[in-house]
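Dear colleague,

Please find the structure below, together with its sequence.

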Amino acid sequence: MDKLVIRGGNPLLGTIRVSGAKNAALPCMAAALLTDEPVILENIPQVRDIETTRKLLAAMGAEVELGYGRAQHRTTICCRTLGSPEASYELVKTMRASTLVLGPLVARCGRARVSLPGGCAIGSRPIDLHIKGLERLGAKLTQEHGYVEASAERLRGAEIVFDKITVTGTEDLLMAAALAEGETVMRNCAREPEVADLADLLNKMGAKIEGAGTSTIRVQGVDRLHGTRHRIIPDRVEAGTFIIAGALTGGDLHVAGCDPHHLGALLQKLEEAGVKTTLTADGVRVMGDAPLRAADMNTEEYPGFPTDMQAQYMALATQAEGTSIITENIFENRFMHAQELVRMGANIKIEGRRAVVQGKSPLSAAAVLASDLRASASLVLAALVADGETIIDRVYHIDRGYERIEEKLRGVGAQIKRMGDVLPKR
Ligand code: UD1
């Protein structure tokens, strides 16, 4: 199993480039199920969740073609015929976002069979809101043998009010509503940029969607959608992770190719914590020359501070002077990284949904275990400033969502290798 070996202490200097957003690419790939014409997606990140989605679509009968050479970030998906509208447990268990195919499959094929995702490292993650919404659109749903089965002759537009804000739930129902008969009004929707990106793609495919990116989305259903070409937005979580890396290591880092508009809450919080950033023509420059100071942070739905940046922020908080209180409001059990950071010398106490981080603590290298995608990113960040050589095990978690992270970080001065490689002597 791959491990990352990181020797801390180097400031990150130069330019690091952000890939396309995994969380936008996943629903956009699922949207290709809605048409029998090719959908060409550009700026698809080369990460494992995308690979899983390609397999998922191919297993249903989709023709999936990967670009190569300069076009390596392009994926063309053509769902001319769909033999088997089913997402098996084998694939869904490795990537919960596989449930994104539920809505498009019922809308296009009139039926779907999708494995229930079960729990994951960050807590129980139900899909009741996806199910309720599809029922509102007229689908019949049953659950048996760990699968949810949905059927409908043709979905009908309806009013859907989400009890709770859900990102993939909003996306799933948006795709279903695009091919439903009549108007759907969705309220209390997720406002994440990834939802807006999906709506953008669907509109290019001939859908009639208004209001994506706000809490009320209106969809006029259409009879059919057609193929198109679409470029995925940049990954704001990858960008945020690199910005924190620049700040933590006392570097001078240009995080290129990101959209600062999507990073508002993070940049504001970092400013409060003493991090200097400036906007460039092509992204964000971070200068880590000032001391870091504690700043409390609460995760919230977009446009609030993203839960997907909580673990990375905690790594930063260990190096800030004073007490930072970090409150996780979205997931019930998302502090698995805290214990690993403590093993590296951090002073963190968990009190229910709050983590109390007392800084600044010198970090020392240790053997640590990645428990989920973003938790592994926080361990990489801590390792970049730790004294000595940290070994991070279970790196497959980080490969789910970060494209060639060790190559990108090495390009700006980090000492980081996959296990098996030998680090040069200092
Ligand atoms: C998406 C992101 C993930 C991010 C999360 C929150 C993708 C592929 N993943 O996950 O990276 O951490 O948003 O920003 O885009 N909930 C229910 N019932 C449901 C659905 C959700 O109770 O049917 C709850 C969840 O348990 C959680 C909260 O709603 O507490 C938000 O979850 P949700 O927004 O659905 O997360 P995902 O879409 O799975």
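In which loop is K360 found? K360 is in the loop between β21 (354-359) and β22 (367-369). Helices (H or I, at least four residues) and strands (E, at least two) are DSSP runs, numbered from the N terminus.

Before going further, please note that this is a predicted model, in which local features need pLDDT of at least 70, side-chain atom pairs count only at pLDDT 80 or more, and totals for chains, interfaces and linings use all residues. Residues are numbered from 1 along each chain as its sequence is written, and side-chain values use heavy atoms, with hydrogens and water left out.

Backbone features

K360 is joined to G359 by a cis peptide bond, with omega about 0°. Another cis peptide bond joins Y302 and P303, where omega is about 10°. P303 belongs to the loop between β18 (297-298) and α10 (310-317). Most residues other than glycine have a negative phi, and most peptide bonds are trans.

H145 is not a glycine, yet its phi is positive, at about 50°. This residue sits in the loop between β8 (140-144) and β9 (147-151). H145 counts as exposed because its relative accessibility is 71%; buried means under 20% relative accessible area, exposed over 50%, and partly exposed in between (1.4 Å probe, protein chains only). R394, also a residue other than glycine, has a positive phi near 60°. Its place is the loop between β23 (389-393) and α13 (396-399), and R394 counts as partly exposed because its relative accessibility is 35%.

The ligand

The shell around the ligand holds 21 residues, and D128, T166, T168, D308 and I330 are the closest. A residue is taken as near a molecule if one of its heavy atoms lies within 4 Å of it. By class, the shell has 9 nonpolar, 6 polar and 6 charged residues. Here Ala, Val, Leu, Ile, Met, Phe, Trp, Tyr, Cys and Pro count as nonpolar, Asp, Glu, Lys and Arg as charged, and the others, Gly among them, as polar.

Three helices, α1 (22-31), α5 (128-136) and α6 (167-178), each supply at least two residues of this shell. The most comes from α5, with 3 residues.

For T168, an N or O atom of the side chain is 2.5 Å from a ligand oxygen. For R96, the distance from a polar side-chain atom to a ligand oxygen is 2.8 Å. For K164, a side-chain N or O atom is 3.4 Å from a ligand oxygen. Taken alone, the ligand exposes 740 Å², of which the protein buries 88%; accessible areas come from the Shrake-Rupley method with a 1.4 Å probe.

The second largest pocket

How much space lies in the second largest pocket? The value is about 250 Å³. A pocket is an open set of points on a 1 Å grid over the protein atoms alone, where a 1.4 Å probe fits, with protein on both sides within 12 Å along at least five of seven lines; lining residues have an atom within 4 Å of a point. There are 14 lining residues, and R17, V18, S19, N43 and H73 lie nearest the centre of the pocket. The lining has 4 nonpolar, 5 polar and 5 charged residues.

H337 lies in helix α11 (residues 336-343). H337 counts as buried because its relative accessibility is 2%. Its side chain makes a polar contact of 2.9 Å with the side chain of Q310. A polar contact is a pair of N or O atoms within 3.5 Å; within protein, one must be able to donate a hydrogen and the other to accept it, and residues adjacent in sequence count only if both atoms are side-chain atoms.

Helix α12 (residues 373-385) is mostly covered, as 12 of its 13 residues are buried. Among them are L373, R374 and L384. At the start of α12, a side-chain oxygen of D372 comes to within 3.0 Å of the backbone nitrogen of R374. S378 is also found in α12 and counts as buried because its relative accessibility is 0%. From S378 to E340 is 38 residues in sequence, while their C-alpha atoms are 9.6 Å apart in space.

Yours sincerely

Methods. Points joined across faces, edges and corners; volume = space filled by probe spheres on them.
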